[in-house]
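Have the sequence and the 3D view open as you go.

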Amino acid sequence: MQKKSDSKGTHNAPLMLTPMGEEALNAAAAQGEAARKEKLVAMLSHAIQGQLQSKLMAHYNQVRRCEREKQLHQQHGSIHWTVDVMHPSNIKQTKLTSNPFDCGDLKCHVLLYPWGNPNRPEAHKTHLSVYVALLDIEKSAAVAGGRGKGGEDSAGTAGTGGVPGRFKLTIVNQADASKSVSKGGQHTFTELASDRGFAQMIPLKELLQVGKGFIVEGKISIKAEITLSVSQ
């Protein structure tokens with residue numbers, strides 16, 4: 001009698017690769033690893049190239065800025081303004097303006113919001129707000145510049161082309177000058193952003209404190225210093 005074949009044993013037999021099959025499998029694995037390495041190298045190369053381009057662009061911009069600054073000359077101006085904020089004609093005013101002062105052949109003035117800038121909710125009725133403004137931007141030979149750094153303008157905006165400058169604003173302590181409050185920054189004065197300063201220059205609680213020295217007989221003393229860079 002002929003024996004039946006053991007089909008179960010046949011199906012459970014392990015799969016054996018020929019030497020040629022093993023060689024093909026190893027070659028495929030090596031190709032996959034090489035492809036992964038090539039992709040990684042490409043990614044690293046792209047990242048390094050991007051970093052180099054950023055550094056080159058930063059260097060280029062710095063060189064351009066230095067060349068532009070060589071073509072500029074600086075004009076300085078300052079004012080020491082004492083204003084009676086408690087005077088009947090001033091006490092209800094939202095904004096007070098100093099007389100114009102010279103900065104080279106340009107004119108500037110100081111903007112004071114005694115009870116805080118109403119355009120800045122974080123400062124209105126809680127802080128004294130002070131700004132310095134350039135009055136005659138069109139008169140200057142406008143020079144392209146960057147956005148302001150340090151402070152903000154009274155409308156909360158900033159321009160990108162105009163007259164570059166540095167400024168410093170001081171609320172003078174009339175009892176002890178060493179306790180005066182000063183803040184400053186850089187700004188490019190434009191038609192749309194012609195002033196720069198600080199909405200939260202000093203808290204009203206500190207300003208109005210009796211004996212603190214910031215307000216004497218209802219008067220506040222403010223110093224503004226500004227340096228503008230204009231075309232020669």
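## Exercise 1: The surroundings of Leu207

Leaving out residues up to four places away in sequence, Leu207 touches Leu128, Ile171, Ile202, Phe214, Ile215 and Ile220. Keep in mind that this is a predicted model.

**Task.** Find the helix in which Leu207 lies, and decide whether Leu207 is buried or exposed.

**Solution.** 
- Step 1: Look up the element. Leu207 belongs to helix H3, residues 204–207.
- Step 2: Check the accessibility. Leu207 has a relative accessibility of 1%. Buried means under 20%, so Leu207 counts as buried.
- Step 3: Compare sequence with space. Leu207 and Leu128 are 79 residues apart along the chain, while 7.9 Å separates their C-alpha atoms.

## Exercise 2: Leu128 and the nonpolar cores

**Task.** Which residues of the largest nonpolar core touch the most other members, and which strand gives this core its largest share?

**Solution.** 
- Step 1: Start with the core. It has 35 residues, and those touching the most other members are Leu112, Leu128, Val130, Ile171, Ile220, Ile226 and Leu228.
- Step 2: Find the strand. Strand E11 (residues 219–231) provides the largest share of this core, six residues.
- Step 3: Pick out Leu128. Beyond its neighbours within four places in sequence, its contacts include Leu112, Ile171, Phe198, Met201, Leu207 and Ile220.
- Step 4: Look for another core. A second, separate one has six residues, among them Leu111, Tyr113, Tyr131 and Ala199.
- Step 5: In soluble globular proteins, nonpolar side chains tend to be buried together.

## Exercise 3: Two aromatic pairs

A search of the whole structure turns up two aromatic pairs.

**Task.** For the rings of Tyr113 and Tyr131, is the pair edge-to-face or tilted? Then do likewise for the rings of Phe167 and Phe198.

**Solution.** 
- Step 1: Take the tyrosines. The ring centres of Tyr113 and Tyr131 are 5.8 Å apart and the planes stand at 85 degrees, so this pair is edge-to-face.
- Step 2: Tyr113 is in strand E4 (residues 106–113) and Tyr131 in strand E5 (residues 127–134), so the pair ties together parts 18 residues apart in sequence.
- Step 3: Check their burial. Tyr113 is buried at 6% relative accessibility, and Tyr131 is buried at 0%.
- Step 4: Turn to the phenylalanines. The ring centres of Phe167 and Phe198 lie 5.9 Å apart with planes at 45 degrees, so this pair is tilted.
- Step 5: Phe167 sits in strand E7 (residues 161–171) and Phe198 in strand E9 (residues 195–203), and the pair links distant parts of the chain, 31 residues apart. Both Phe167 and Phe198 are buried.

Methods. Residues are numbered from 1 along each chain as its sequence is written. This is a predicted model: local features need pLDDT of at least 70, side-chain atom pairs count only at pLDDT 80 or more; totals for chains, interfaces and linings use all residues. Side-chain values use heavy atoms; hydrogens and water are left out. Rings of Phe, Tyr and Trp (its six-membered ring) pair if their centres lie within 6.5 Å; planes under 30 degrees apart count as stacked, over 60 as edge-to-face and the rest as tilted. Helices (H or I, at least four residues) and strands (E, at least two) are DSSP runs, numbered from the N terminus. Buried means under 20% relative accessible area, exposed over 50%, partly exposed in between (1.4 Å probe, protein chains only). A nonpolar core is a set of buried Ala, Val, Leu, Ile, Met, Phe, Trp, Tyr and Cys residues joined through side-chain atoms within 4.5 Å. Contact means heavy atoms within 4.5 Å.
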